[in-house]
Amino acid sequence: MAQAQLVIEPGSDDRINWASLEEFAAAHPDLEGQSFDMLGPWLGGDQELFQSVIAYFNEVTGARANYSGSDSFEQQIVIDSEAGSPPDMAVFPQPGLASDLAARGFLRPLGQETADWLVENYAAGESWAALGTYAGQDGTEELFAFPYKADVKSLVWYVPENLEDAGYAVPETYEDLKALTEQIAADGETPWCIGLGSGGATGWPATDWVEDLMLRTATPEDYDAWTTNGMPFNDPKVVAAIEEFGWFAKNPDFVAGGVGSVSATDFRESPAGLFASPPACYLHRQASFITTFFPEGTVVGEDADFFYMPAPASGDLGQPVLGGGTMFAVLSDNPAAMAFVEFLKTPAAHEIWMAQQGFVTPYTGANVEAYDDPTVRRMGEILLDATVFRFDGSDLMPGAIGAGAFWTGMIDFVGGASAQDVADRIQATWASLN
């Protein structure tokens, strides 16, 4: 690929580790003229950004990586694999699908050396290595998927001017967050905006709440057992996390519009209360994408900001972060595809996207100065500070639970059902799947 097509001229930006590309190329001298195909979920802007990274692989190796995006990736990758004509590499937005294909013998193991590399080079590295480790066709657990490009969900949004005017400080512990909630209510104001509406997917924002609260009231091992039903959904620890969500969402003094508005308010409209004058609420828990639905012209970092949803003061549960991410897996014996995994270990493969937009990484070897957007950089730093990272739990559960009974159960809970009854019903649904 001609150098003119590279978004950043090699050597021109000293935030990027150009030497890492040269070292990668020197270690893979036999890629000249080879090619491989990739299929993934990225379309539009994300596709263009990823292709801008691929261009450097092509440039330094003389190989050609061809990426195709699909809005029906999850169906297409299964169809292609079963037909015996899979792409050489696939970009999975959810570990569950990659795990299923690994168990059926469609994925190639990436090796213990790469598993060890993740543990050593990603913050909360054991969490990331575990995300890509599945049982193969023979039942042996191996690393089959390499995580690259993460999303952060453990965020609480606020308007700095509102907190400053009221004399409130950003909470540093989970206990502080609850105390702030009580203080705002005691002052006659409303602490939270919460909206669970999402058309046919109504209820999903509550699942993110419960997942974050599971990581702040139970151990990471409990969380893992819960997402696989190794721990029943109606275990007291899960019921306690649901009740903890109720502490925020079912108190009429704590939520804008009262409890009845929680399910009725669309999640896209929910943060609007932060920007009302006077403010209809002071806090809103949601993932990084929510800025899309802020009022036009909102400058994040000035007009609105965020803080990490804090962990308990005891420190026993570390600094857990809930999020998502994409996983790269190899589906053929094409050596260029396997070499691309090695390319993703270079700092430059992360920094080139960091220097553009919409990319955060837990890779400790990537230069945080490469982040072009200071807001995104702070999200990246939350990942780097994490001691535990866990993938969105509902995405790890069977669809009938994570995109079904869990959603509707949370609506029932906010509507007045007890956490125990809701958990019992979800567990009964899960048991019926076996």
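Helices are DSSP runs of H or I with at least four residues, numbered from the N terminus. The model shown in these views is predicted.

**View 1. Helix α1 and the elements that cover its buried residues.** Helix α1 spans residues 18–27, and its buried residues are Trp-18, Ser-20, Leu-21, Phe-24 and Ala-25. Seen down the axis of α1, these buried residues fall within an arc of 160°, so they line one face of the helix. An α-helix has 3.6 residues a turn, so residues three or four places apart point the same way. The other side of α1 carries the exposed residues Glu-22, Glu-23, Ala-26 and Ala-27. Among the elements covering the buried residues of α1 are α2 (44–61), α13 (335–343) and α14 (347–354).

**View 2. Glu-351, a buried residue of helix α14.** Glu-351 belongs to helix α14. Although buried, Glu-351 has no salt bridge. Arg-15 is the nearest side chain of opposite charge, at 8.8 Å. Apart from neighbours within four places in sequence, Glu-351 is in contact with Arg-15, Ile-16, Asn-17, Gly-365, Ala-366, Asn-367 and Ala-370.

**View 3. An open sheet of three strands.** The strands are arranged in the order β8-β7-β9, with antiparallel pairing. Strands β8 (284–285) and β9 (305–308) form the edges, each pairing on one side only. Strand β7 (residues 155–158) is joined to β9 by four bridges, and the two strands run antiparallel. Tyr-158 stands opposite Asp-305 of β9.

**View 4. Helix α15 against the sheet.** Helix α15, made up of residues 374–385, lies across β7 and β9. The helix runs at about 5° to β9.

Key
Residues numbered from 1 in each chain as written. Predicted model: local features only at pLDDT ≥ 70, side-chain atom pairs only at ≥ 80, totals over all residues. Heavy atoms only, no water. Pairing = 2+ DSSP bridges. Contact = heavy atoms within 4.5 Å. Axes fitted to C-alpha atoms, helices over the stretch in contact; angles between N-to-C directions. Buried < 20%, exposed > 50% of the residue type's maximum accessible area, 1.4 Å probe, protein only. Arc of directions from axis to C-beta. Lys, Arg positive; Asp, Glu negative; His and termini not counted. Salt bridge = Lys/Arg side-chain N within 4 Å of Asp/Glu carboxyl O.
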